[in-house]
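Please look over the sequence and the model below before reading on. The briefing that follows takes the sheet, then the helices, and then a single residue in its surroundings.

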Amino acid sequence: MTKYLISFPSAAMVLSDEELQVAADAAHAVVQQAKDAGVWVFGGGINESIPPVMVHADGSVTGGTYPQTAHLEGGYSVLELPSAEAAVEWAARIATACRCAQEVRAFQDDPAS
C-alpha cells in the first residue's frame, strides 16, 4: 500500500471561532474513522509559533529554513491506502470536515518504512 500526504495551508481555513471549533470536532471524527479503518499513519498541524531551524551535516544549527519551504504551515495527514482513488475519498472527508480543499500527494515506495 502507498502512503499519501493530505494537506492544506493555514490560510485555506478562514473560519470564525465558532466555525473553527465545529471544524475541529469534525476533523477529529474523521481522524478517528481513519484510525478505526487502520489507514491512519500520522497527522497534525504545524506549530506556527515556533520558528524552524536548519540542522546541517556538521551538526550545527541555524535559524531559518530552505527558501522553498519558508511558508510551510497548515495541517497534514498521512494515510496508508490501497489506491489514489481511496486517497481522494479520504481527502474529500477531510475537506468536508475542515471546510477547505485538500492537496493529495503520494510518497515514493520505501519498503523499509
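Here, buried means under 20% relative accessible area, exposed means over 50%, and partly exposed lies in between, with a 1.4 Å probe and protein chains only. This is a predicted model, in which local features need pLDDT of at least 70 and side-chain atom pairs count only at pLDDT 80 or more, while totals for chains, interfaces and linings use all residues. Residues are numbered from 1 along each chain as its sequence is written, and side-chain values use heavy atoms, with hydrogens and water left out. Helices (H or I, at least four residues) and strands (E, at least two) are DSSP runs numbered from the N terminus.

**The sheet**

- Four strands make up an open sheet in the order β2-β5-β1-β6, with antiparallel pairing, where two strands are said to pair if DSSP finds at least two bridges between them.
- The edges are formed by β2 and β6, each of which pairs on one side only, and the twist from one strand to the next averages 20 degrees.
- Strand β1, which spans residues 2-8, is mostly covered, since five of its seven residues are buried.
- Towards β5 (residues 75-81), β1 runs antiparallel and is joined by seven bridges, and Y4 has L79 as its bridge partner in β5.
- Towards β6 (residues 103-106), β1 is again antiparallel, here with four bridges, and I6 has V104 as its bridge partner in β6.
- Five bridges link β2 and β5 in the antiparallel sense, with W40 standing opposite L79 in β5.

**Helix α1**

- With 21 residues, α1 reaches 30 Å from its first C-alpha to its last, close to the 30 Å expected at 1.5 Å a residue, the expected span being 1.5 Å times one less than the number of residues.
- The residues A23, A27, V30 and A34 of α1 are buried; seen down the axis of α1, its buried residues fall within an arc of 60 degrees, so they line one face of the helix, the arc being that of the directions from the helix axis to the C-beta atoms.
- An α-helix has 3.6 residues a turn, so residues three or four places apart point the same way.
- On the other side of α1, D17, E18, H28 and D36 are exposed, whereas the cover over the buried residues of α1 includes β2 (40-45), β5 and α2 (84-98).
- Just after α1, G38 takes a positive phi of about 75 degrees.

**Packing of the helices and the sheet**

- The helices α1 and α2 pack at an angle of about 155 degrees with their axes 7 Å apart, where axes are lines fitted to C-alpha atoms, for helices over the stretch in contact, and angles run from 0 to 180 degrees between N-to-C directions.
- The two helices α1 and α2 are therefore roughly antiparallel to each other, a label used for angles over 145 degrees, with those under 35 counted as roughly parallel, 65 to 115 as roughly perpendicular and the rest as oblique.
- This contact (heavy atoms within 4.5 Å) is made by A23, A26, A27, V30, Q33, A34 and A37 of α1 and by W90, R93, I94, A97 and C98 of α2.
- Helix α2 also lies across β1, β5 and β6, running at about 25 degrees to β1.

**Residue A26**

- A26 is found in helix α1 (residues 17-37) and counts as partly exposed, at 25% relative accessibility.
- Not counting residues up to four places away in sequence, A26 touches A97 and R99.
- The C-alpha atoms of A26 and A84 are separated by 23 Å, the two residues being 58 residues apart along the chain.
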